[in-house]
Amino acid sequence: MGDSKLYTRVKASDILTELRNYEKKPKSSVYRKTILKKIIVNLSLGDNEVVMLFNEVIKLLQDIGPTDPEAKQLCYLYLTTYWRHKPKETLNALSFITEDYHESSTDEDACLALRTLAAIQLPQFLEELVPMLEDALQKGSPSVRKTAAYCVASIFKAEDPDSTSSLMSLLNDLLLDPQLEVVSAALSALGDITEKSETLKFSIDSEHALKISQSLAVCGEWSEVAILNALMSFVPQDHQTAAHIIDIVLPYLQSENSSIVLNALKVIVYLCQYVSSVLDVLPILPQSISRAVANLMLKPPEIQFLAMRNVILLLLDKPALLDLDIRMFFCQYDDLLYIKDTKLEIIFLLADEDNIEIVLAELQEYALEIDVQMVRKSIRAIGNLAVKIDGTSEKCVSVLADLLSNSIPHVVEEIAIIARDILRKYPGRFDHIIQLLVDRIDLVTEQDSRASMIWILGEYGSSISNSVALLSHYAEHFLDEPSETQLSLLTAIVKAHVCQPYNKELHQLVEDTIRLVIENVDNPDVRGRGYFYWRILSAQLPNTIDIIKPRLPMLNTGADALPPEVRQELDLCIGTLASIYLRPVTQVFRHVKPKVFADSPARVDQDLKTARPRTSKSSLSRASPVPSVLSASQQLGSLSLDTATTRSRSSSLGLNGIVKKLSRK
Amino acid sequence: MASVVYFLDSRGRPLLHRDYKWDIPSTAIEKFPLLLLNNSIGQSVDEGSTIPVLNDNGINYVYLLHKDLYILALTREDANVFSILCYLDSMVKVLEGYLKSLEEESIRDNFSVIYELLDEMMDFGISQITDQKILKEYITQESFTLNTLLHPSGSKKKPGSTTVFKQRVAPSTVTNAISWRSPGIVYKKNEAYLDVVEAIDMLVNSRGQLLSSEIHGAIKLKSFLSGMPELILGLNEKFMKSCLNAVRGTPGNVSEGDKKSIEVEDLKFHQCVRLGKFESEKMISFIPPDGECDLVSYRVHSPVLKPLFLIDYKVRNHSNTRLEIMLKVRANFKSRVSARKLEIRIPVPRDIDSPKYHYNKGTLKYVPNESVILWKFRKIDGGKEYVMIAELLLPSVSDDGELEKFKKIPINLKFEMQGFVTSGLQVKYLKIREPKMNYQSYPYVRYITKSGDSYEVRTN
């Protein structure tokens with residue numbers, strides 16, 4: 001039988017009675033374990049009542065002795081969970097655990113004992129543990145040394161570094177351990193300690209960096225991750241070493257374990273800052289990285305998502321390191337919602353004048369899907385593309401016009417919202433779309449879209465034949481509207497009026513509306529604005545029109561890029577949580593040290609912002625199969641020149657912009 | 001790094017957890033269901049509407065969905081989220097291996113084994129070992145699988161209840177350089193099977209034009225060899241050259257005329273393959289793990305690949321009460337080749353009624369829970385063409401959305417072909433040598449081409 005019959009909540013007092021009853025009978029190990037399992041089940045279920053069985057568990061532990069590892073492990077689990085609640089009683093277990101360590105016959109038992117001791121952070125436990133760890137770090141077997149290293153990190157306290165200072169130097173010695181798994185554990189432990197401590201700093205010199213990067217080839221997968229992580233603490237002093245390490249790390253982009261791939265990527269991006277004109281030295285970099293991304297896109301959705309967030313990060317700051325095929329990010333019909341969402345963001349970032357045709361075809365396809373969310377987002381993306389890249393606006397708008405012709409309500413509504421931005425960005429160029437929208441005005445019922453339509457009517461009223469009729473139609477139910485709509489309607493009517501001061505109908509409409517607002521609206525904001533317009537209009541100033549309908553400021557698409565120091569910090573965070581939130585580390589994590597690029601003579605500030613054109617696979621190296629650095633750089637230089645001007649605008653659109661624009665419902 | 005790992009049931013209640021750092025209050029987990037709801041980007045909390053990384057009050061929640069379980073890790077630091085998620089993913093795989101199926105029931109049945117495994121797989125929030133074969137060597141508790149519960153076997157020894165404790169000895173492999181194979185393996189007959197398997201993913205539009213295609217290939221090795229054998233695998237020159245290009249990142253200097261050239265896009269080796277030797281000596285040499293492994297996996301990009309099946313699809317709607325679907329399939333390959341187990345999944349609206357079929361080969365079946373009509377062939381020869389017409393009655397109450405929706409879902413094809421692979425890869429030799437034992441060994445090679453997960457044809 002499985003253990004599921006034990007898997008129910010039991011009252012702690014019931015377990016207690018059961019225990020008492022059994023005490024009279026001869027003790028059997030099977031029975032003891034059943035009781036223990038019952039207790040652990042309640043612990044798993046988050047039923048903290050079992051805390052009152054503390055003494056009983058210690059007694060069980062002592063009865064069982066070191067002979068039954070399974071039961072012992074469960075006892076330890078109980079102790080590490082509840083020691084805080086019963087510090088005094090916990091001390092009773094101390095001698096048992098230390099004895100267990102000293103008499104342990106296998107590495108496993110020794111590790112378990114050490115781990116348990118380290119988890120229980122009582123001063124008496126620490127006192128016992130420190131000498132044990134000293135012993136273990138020096139004389140233990142490889143797996144004990146490994147566990148001991150982690151234990152040092154877990155008992156280290158930033159406020160009191162002295163208590164563990166003797167261990168620190170021993171831990172340092174482990175970096176030269178013959179066993180790679182031990183080295184990687186020591187690296188992780190030291191990394192964790194220095195992250196917590198104000199005074200300690202973790203740094204690796206060139207020689208050691210080279211050594212550990214070469215050892216990547218012969219250690220296990222999770223050790224590779226630890227080593228790659230540790231390489232981030234290496235500050236290269238010259239270009240050559242940095243380039244050399246990139247070269248060593250490069251093959252790990254093709255690893256089966258996605259975590260290794262992304263950590264390798266992090267190291268590479270970091271080291272790129274220390275190699276001058278890195279793309280000439282390592283021209284294959286963009287291709288290798290892009291290939292790694294393509295692989296990650298075949299993983300489970302959660303991993304795909306993380307990978308794409310990091311692609312976004314790279315696209316914002318270093319598009320030159322990527323050479324992506326946009327089609328990789330086209331949505332499958334059964335992609336999860338958040339995957340589709342992120343893919344859209346990337347498509348938006350990757351779109352340019354060269355691939356706009358296929359991008360638009362794809363987006364148009366999404367815009368005809370069933371899922372309303374997706375439809376809205378893709379329409380918004382089309383609109384934002386039109387605003388972002390001048391050269392594509394013509395095509396984007398014609399796609400939108402095409403979509404409008406189907407007269408699907410939510411499509412029309414969404415287009416009404418983005419039309420506002422397009423009309424502002426390109427005054428006078430796409431006025432035909434206004435008429436298309438106005439023809440379908442009955443379909444627009446959602447609040448945001450209505451506000452946008454009303455704004456368009458107010459702003460471009462003079463060129464819309466029946467604008468007055470439409471405005472008065474809206475005004476008929478003025479009092480039933482929510483106050484946001486009331487505000488935009490009021491403004492639109494006044495604006496239309498100052499543009500066409502001799503239109504009698506409008507005049508009447510303005511008068512009626514303002515009176516209605518002043519007399520019948522309760523909302524002070526709306527009423528206040530009503531009074532404001534009333535006074536301005538009755539003052540009959542010569543510049544009324546400039547006040548009410550000022551020249552609109554240009555839509556600025558490049559202004560909200562991430563500030564450079566944030567981008568630099570994020571570069572160091574590839575694969576970490578900050579890369580998912582795309583926010584500076586200190587904003588999300590209170591106790592974390594801000595990350596900065598360490599200065600060194602090798603540090604170069606290079607422009608990787610300008611995306612290079614997707615090189616057709618053959619053009620580069622067919623000319624020179626073994627490209628000398630010089631010839632390759634000349635070629636690349638000339639290639640990138642002609643597109644540099646058009647690309648720079650597209651890539652500088654900032655993160656805030658996209659996230660905001662795409663996620664607004 | 002992860003502070004604590006939780007297993008939650010579909011309603012977000014904790015089933016089991018293991019704390020590694022004790023820096024997160026136990027109340028944090030209670031907020032998780034609420035966070036899922038608040039951060040959802042869809043209208044409801046469907047699967048996939050909430051991103052897998054959430055932040056609340058300084059605590060980060062990284063989760064993945066497995067069947068109806070939420071498996072999540074919590075952390076306070078700016079942790080290496082990729083490592084955490086990959087760890088969770090590997091952890092699920094290991095547990096699946098142990099319990100056959102990881103779900104609520106099996107967690108309950110095996111919680112004490114799971115605690116033991118969690119202890120070995122992660123220490124101090126850092127992943128340690130997620131290799132099942134190695135773990136199996138020193139996790140001694142027997143797991144209890146759901147299967148045996150449903151069909152109690154006749155054996156007298158009940159697994160789980162009477163566990164025999166061996167001395168737990170960590171195998172030397174844990175800290176060994178060759179972590180994937182333990183010494184001292186002996187087989188009576190020494191055999192090695194190589195399977196070259198290529199799965200084709202393809203998306204074809206309704207006009208038969210290829211939208212995207214990719215071949216995911218793998219050389220799978222199943223070996224039953226004694227000792228520490230040294231293996232060398234030889235592939236045909238053309239493929240090898242393309243592989244080297246992929247590894248070095250230099251695009252092959254292919255002449256335009258040679259359309260049949262192979263372009264390997266990326267190449268991955270099992271950790272046992274000596275990467276250095278591959279690059280310098282163009283040799284795939286390795287000491288294999290015992291049993292099965294994916295020795296090499298690769299992706300081939302082939303723009304000239306022709307669709308293997310041509311589909312002609314028409315649907316006629318008779319005033320929203322009756323649908324008529326016509327589908328013609330043509331096997332677009334040489335007549336001496338044949339495909340086996342062809343399955344065509346034709347999407348239909350939900351809840352259709354009394355379907356009637358006319359067809360000239362295979363079998364047709366309506367599968368209600370997938371909302372498809374399944375057309376199965378045991379075997380289809382190259383160049384042959386078959387037609388089927390299905391008449392379906394639509395439910396009297398249905399919304400128009402449903403009628404539109406089913407047309408968006410592409411037709412899915414599954415098939416298998418033996419004896420060749422489309423990329424042109426060929427195994428030239430597999431040399432097996434065990435320096436100490438010097439035994440006779442028997443290598444076998446098979447080639448299989450099959451459909452990938454998405455071999456699909458759009459209908460409109």
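Strand β21 of chain B (residues 411–418) is mostly covered, with six of its eight residues buried (buried is under 20% relative accessible area, exposed over 50%, and partly exposed in between, using a 1.4 Å probe and protein chains only). Helices and strands here are DSSP runs (H or I over at least four residues for helices, E over at least two for strands), numbered from the N terminus. The model is a predicted one, so to speak of local features takes a pLDDT of at least 70 and side-chain atom pairs count only at pLDDT 80 or more, while totals for chains, interfaces and linings use all residues. Residues are numbered from 1 along each chain as its sequence is written, chains are lettered from A and ligands numbered from 1 in the order in which they are written, and side-chain values use heavy atoms, with hydrogens and water left out.

Back to β21(B) and its partners. Strand β16 of chain B (residues 338–347) runs antiparallel to β21(B), and four bridges join the two; strands pair if DSSP finds at least two bridges between them. On this side, R340(B) has E416(B) as its bridge partner in β21(B). Strand β23 of chain B (residues 441–457) also pairs with β21(B) in the antiparallel sense, over five bridges. Here E416(B) turns up again, with K450(B) as its bridge partner in β23(B). In a regular strand the side chains alternate between the two faces of the sheet.

As for the chains as a whole, chain A comes to 35 helices and zero strands, whereas chain B has nine helices and 23 strands. Of the 665 residues of chain A, 58% count as buried; for the 460 residues of chain B the figure is 53%. In chain A, 71% of the contacts between residues at least 6 apart in sequence join residues at least 24 apart, a contact being heavy atoms within 4.5 Å. In chain B, residues 24 or more positions apart account for 70% of the contacts with a separation of 6 or more.

The two chains meet through 92 residues of chain A and 92 residues of chain B. Between them they bury about 8,100 Å², 56% of it on carbon and sulfur atoms; buried area is the accessible area (1.4 Å probe) that two parts lose on being put together, summed over both. Five salt bridges cross this interface, each defined as a side-chain nitrogen of Lys or Arg within 4 Å of a carboxyl oxygen of Asp or Glu. One salt bridge links D192(A) to K21(B), at 3.3 Å from N to O. On the chain A side that touches chain B, helix α8 (residues 142–155) gives the most, with seven residues. By class, that side has 42 nonpolar, 27 polar and 23 charged residues (Ala, Val, Leu, Ile, Met, Phe, Trp, Tyr, Cys and Pro count as nonpolar, Asp, Glu, Lys and Arg as charged, and the others, Gly among them, as polar).

Over all chains, the search finds 46 salt bridges. R115(A) and D123(B) form one of them, with the closest N and O atoms 3.5 Å apart. This pair joins two chains, because R115(A) lies in helix α6 of chain A (residues 107–119) and D123(B) in strand β6 of chain B (residues 122–123). Both ends are tucked away: R115(A) is buried at 17% relative accessibility, and D123(B) is buried at 7%. Within chain B, K93(B) forms a salt bridge with D89(B), the closest N and O atoms being 3.2 Å apart. The two sit in helix α2 of chain B, four residues apart, about one turn of the helix. Here K93(B) is exposed at 53% relative accessibility, but D89(B) is buried at 16%.

Helix α12 of chain A (residues 221–231) is largely enclosed by the rest of the structure, because nine of its eleven residues are buried. Among the buried ones are W222(A), E224(A) and L231(A). The buried residues of α12(A) pack against α10 (180–196), α11 (206–215), α13 (239–249) and α14 (258–272) of chain A, together with α2 (81–99) and β7 (126–127) of chain B.
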